[in-house]
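Please look through the structure below. The report that follows goes from domains to strands, helices and the chain contact.

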Amino acid sequence: MLGAATERSPDRIGKVGARTSPAGRPTPVSATDSSLVKSTPGDRPMPGKAVPTEGLTSMTTDLQQHPTGRSSAVQTPSGSPILRVDELRKRYSDDGPLVCDGLSFSVDQGDFVAIVGPSGCGKSTMLRMICGLLEPSAGEVRLRDQKIVSPPPEMALVFQDYTRSLYPWLSVERNVRFPLAKRRDLSKEEKAARVAEAIETVGLTGFESYHPGQLSGGMQQRVAIARALAFRPRILLLDEPFASVDALTKEGLEDTLLDVQKQFADSGMTMLLVTHDIDEAIYLADRILVLSKPPCAVAEELVVDLPGPRSQVETRSLPEFLRIRAHIHDVMGLSAQRGGTRGAARSTA
Amino acid sequence: MTARFSSLGLRLLPLALPIALLVAWEYFGRTLGNVYLPPLSSVFQTLKDDWFFDHTLSDLLPSLQRFVVGYLLGSTIGIGLGIAIGSSRRVAQFLEPTLEFLRALPAVAIIPVAVLIFGLGGGMRVAVIVFGVLFPVLVNTTVGARSCRQERIDVARMYGLSRLQIIRRVVLPSALPMISAGLRVALPIALIMMVVSELVGGQNGIGFYLLTGQSLFNIPAMFAALFILGVLGNVINAGYAKLERRWLFWANNV
């Protein structure tokens, strides 16, 4: 039993690879961070309501920096995008198959981008590289022109499998508070307020003292989302977040996500959703990247021009929705054929 | 009426065999008159005379003391080493061959060596218990630490926790159910090592009392010691099960 385990990677706990910068993490943007804190819906400036000047100024600068919100989702990328993925390639071992083959795309501040692709096409690998958990074999990911070498403090990731990513020994409240453990800049009260707000956003108020094992699957995934929200990331990465919950719960969680994006729109929360569910991608996103079969690359990029606010019943029956869906099916069918021959060639190699 | 009666019968069923055995013991002890099978009542008489409370203080207490110290020390070392091996490949490569070799040794075989190193005092007996406890805890902790889901580690890395913090706040708690299983297995082993260590050049302890009873042909005393050990083992196991249910309730439905 003792002998079996040495095969694990030595670095599964450590930072990625040797290229980690000495400081460990890219410079945190404390100013924008604090503006994030100030511009939450709870203490958004209201007419006639006294607001601390400090909060106002930092929010204004924030708005100046990122004047475009979600409303202008159809816009073409202007200026420098918040996230730029450049020719990303990954091979797990030198003679192993290519998992990602030259992935390139960029994401603007406040965008909701969905990435769809057939299952097993390397979506999760891509996401792990984007958030700095996995070192790419070639290419790079830049966050505001800073190369990502380790998980940046502005990103949060929601995993597909809540049973694996939640901490079952912690209560809901302590799971959600977990990301704030390292935040010395926040007082105890601020942390408590953030946690309460995040839990309320996902509709779990009253379940704070429960443990994950005592909740249903959908509720556990809500905890996972709340945990990411409590961190107040500028970029929220979602790896098939609703793949393991039932259809009805999924619709509820999708709308929660849209609400969250709306709530945090002022501070420009950028969403990057990886999914194999085409309908989900169209329903949620402003822009969709369609990936090819493995090794994955961007096969097509399209803009979703659906009116908001979106609704589960109406939006999904719009002709435009159906048109986009048919189109993506087309693209994926095409890329499936191409990828099929490529995949076959690779598997013999 | 019948239903209630049969449910009462069902509840008594587990007690039937022990009672029958004890009755048979008393019966054959009286009728056979064999020195090696004293009647149960004389064993109980010895229990009452010796263990309320002279020998409880002079033998049971020192035994328990060594048991507790040895068990805690062995568990602590086992958990520490196990976490280190389970979370670092380098530590694993460095330590595993040695530990693998030591683990294969029957724990009691260590006694003569321990006598040479520690003499015949309490230190030797504690060391023997430590050696017996160490490996089941170590192996389980290693496996538990290694089975920690990558996603759990990734979450902590995303939020900027350092390697040590991840080990303390994620890997260790993840391994707790496995560690606890190891600790449970180690309990009876610690008990065995406690008794065995007292059979060698002992000055006190339950094992010493047991051996004295045997060598002085005080057979009731010998059986009384077995009674004490049986009760002790059961109390310890039940107590541990209770603690485990309270502390690891979250592990049942994960």
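## Domain contact in chain A

In this predicted model, 10 residues of domain 1 of chain A are in contact with nine residues of domain 2 of chain A. Helix α8 (residues 247–263) of chain A gives the largest share of the domain 1 side, four residues. By class, that side of domain 1 has six nonpolar residues, three polar and one charged.

Where do the domains run? Domain 1 of chain A covers 82–154 + 234–349, and domain 2 covers 163–232. Taken over C-alpha atoms, the centres of domain 1 and domain 2 of chain A are 25 Å apart.

## Strands of chain A

Strand β4 (residues 138–143) of chain A pairs with strand β1 (residues 83–91) of chain A. The sense is antiparallel, over five bridges. A:Arg84 has A:Arg142 in β4(A) as its bridge partner.

β4(A) also pairs with strand β5 (residues 146–147) of chain A. Here too the sense is antiparallel, over two bridges. A:Leu143 stands opposite A:Gln146 in β5(A). β4(A) and β5(A) form a hairpin, with two residues between them. In the turn, A:Arg144 has a positive phi of about 50°.

## A helix crossing in chain B

Two helices of chain B meet: α2 (residues 40–51) and α10 (residues 219–247). Their axes come within 8 Å and cross at roughly 75°. Angles of 65 to 115 degrees count as roughly perpendicular, and α2(B) and α10(B) are therefore roughly perpendicular to each other.

Which residues meet in this crossing? From α2(B) come B:Ser42, B:Val43, B:Thr46, B:Leu47, B:Asp50 and B:Trp51. From α10(B) come B:Pro220, B:Ala221, B:Phe223, B:Ala224, B:Phe227 and B:Ile228. The residues of the α2(B) and α10(B) contact divide into nine nonpolar, two polar and one charged.

## Contact between chains A and B

How many residues does each chain give to the contact? Chain B gives 33 residues, and chain A gives 33 residues.

On the side of chain B that touches chain A, the elements giving two or more residues are α4 (89–104), α6 (122–146), α7 (150–158), α8 (163–198) and α11 (249–252) of chain B. The largest share, eight residues, comes from α7(B). This side of chain B holds 16 nonpolar, six polar and 11 charged residues.

Technical notes. Residues are numbered from 1 along each chain as its sequence is written. Chains are lettered from A and ligands numbered from 1 in the order in which they are written. This is a predicted model: local features need pLDDT of at least 70, side-chain atom pairs count only at pLDDT 80 or more; totals for chains, interfaces and linings use all residues. Axes are lines fitted to C-alpha atoms, for helices over the stretch in contact, and angles run from 0 to 180 degrees between N-to-C directions. Angles under 35 degrees count as roughly parallel, over 145 as roughly antiparallel, 65 to 115 as roughly perpendicular and the rest as oblique. Two residues are in contact if their C-beta atoms, placed from the backbone, lie within 7 Å. Ala, Val, Leu, Ile, Met, Phe, Trp, Tyr, Cys and Pro count as nonpolar, Asp, Glu, Lys and Arg as charged, and the others, Gly among them, as polar. Two strands pair if DSSP finds at least two bridges between them. Domain bounds come from an automatic or database domain assignment.
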